[in-house]
Amino acid sequence: QVRLVESGGGLVQAGGSLRLSCAASGIIFNRNIMNWYRQAPGQQRKWVATITTDNVTGYTDSVKGRFTVSRDNAKNTVYLQMTSLKPEDTGVYYCNARQSVVVPNTPGESWGQGTQVTVSS
């Protein structure tokens with residue numbers, strides 16, 4: 001019932017751009033803070049970006065100035081626009097939703113299955 005489906009990953013050269021999308025269903029989208037995480041091979045999953053229900057954004061230092069997170073509540077979709085990509089951006093990117101206000105009988109946290117981003121040098 002609850003689904004977060006990422007898309008838009010792929011292989012790009014350093015300096016290139018990609019736009020990731022995450023389409024959500026089964027949650028009250030406009031009551032959820034939306035987040036992006038990434039995981040490199042053999043490493044732990046790390047936080048990348050956040051956008052709140054009021055469109056306040058935050059980013060990990062390594063992507064500031066290069067990545068932009070946005071949301072379209074009418075489409076229940078969150079985006080991650082990535083520019084000036086570096087090889088160290090390589091990894092599986094995951095979409096995450098967390099409730100900002102508790103809504104009974106709905107998930108407090110949900111995860112997508114991820115989309116692969118590979119940046120070549």
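**Reading the disulfide and the nonpolar core**

Student: Which residues form a disulfide here, and how far apart are their sulfur atoms?

Tutor: A disulfide is a pair of cysteine sulfur atoms within 2.5 Å; here Cys-22 and Cys-95 form one, with their sulfur atoms 2.1 Å apart, and a search of the whole structure finds one disulfide. This is a predicted model, in which local features need pLDDT of at least 70 and side-chain atom pairs count only at pLDDT 80 or more, whereas totals for chains, interfaces and linings use all residues. Residues are numbered from 1 along each chain as its sequence is written, and side-chain values use heavy atoms, with hydrogens and water left out.

Student: Why is the disulfide of Cys-22 and Cys-95 described as left-handed?

Tutor: The torsion about its S-S bond is about -80°, so the disulfide is left-handed. Because Cys-22 lies in strand E3 and Cys-95 in strand E9, the pair ties together parts that are 73 residues apart in sequence; strands are DSSP runs of at least two E residues, numbered from the N terminus.

Student: Is Cys-22 buried or exposed?

Tutor: Buried means under 20% relative accessible area, exposed over 50%, and partly exposed in between (1.4 Å probe, protein chains only). Cys-22 counts as buried at 0% relative accessibility, and Cys-95 counts as buried at 0% too.

Student: Which residues touch the most other members of the largest nonpolar core?

Tutor: Such a core is a set of buried Ala, Val, Leu, Ile, Met, Phe, Trp, Tyr and Cys residues joined through side-chain atoms within 4.5 Å. Of its 26 residues, Trp-36, Phe-67, Val-69, Val-78, Leu-80, Met-82 and Tyr-93 touch the most other members, and the largest share of this core, four residues, comes from E3.
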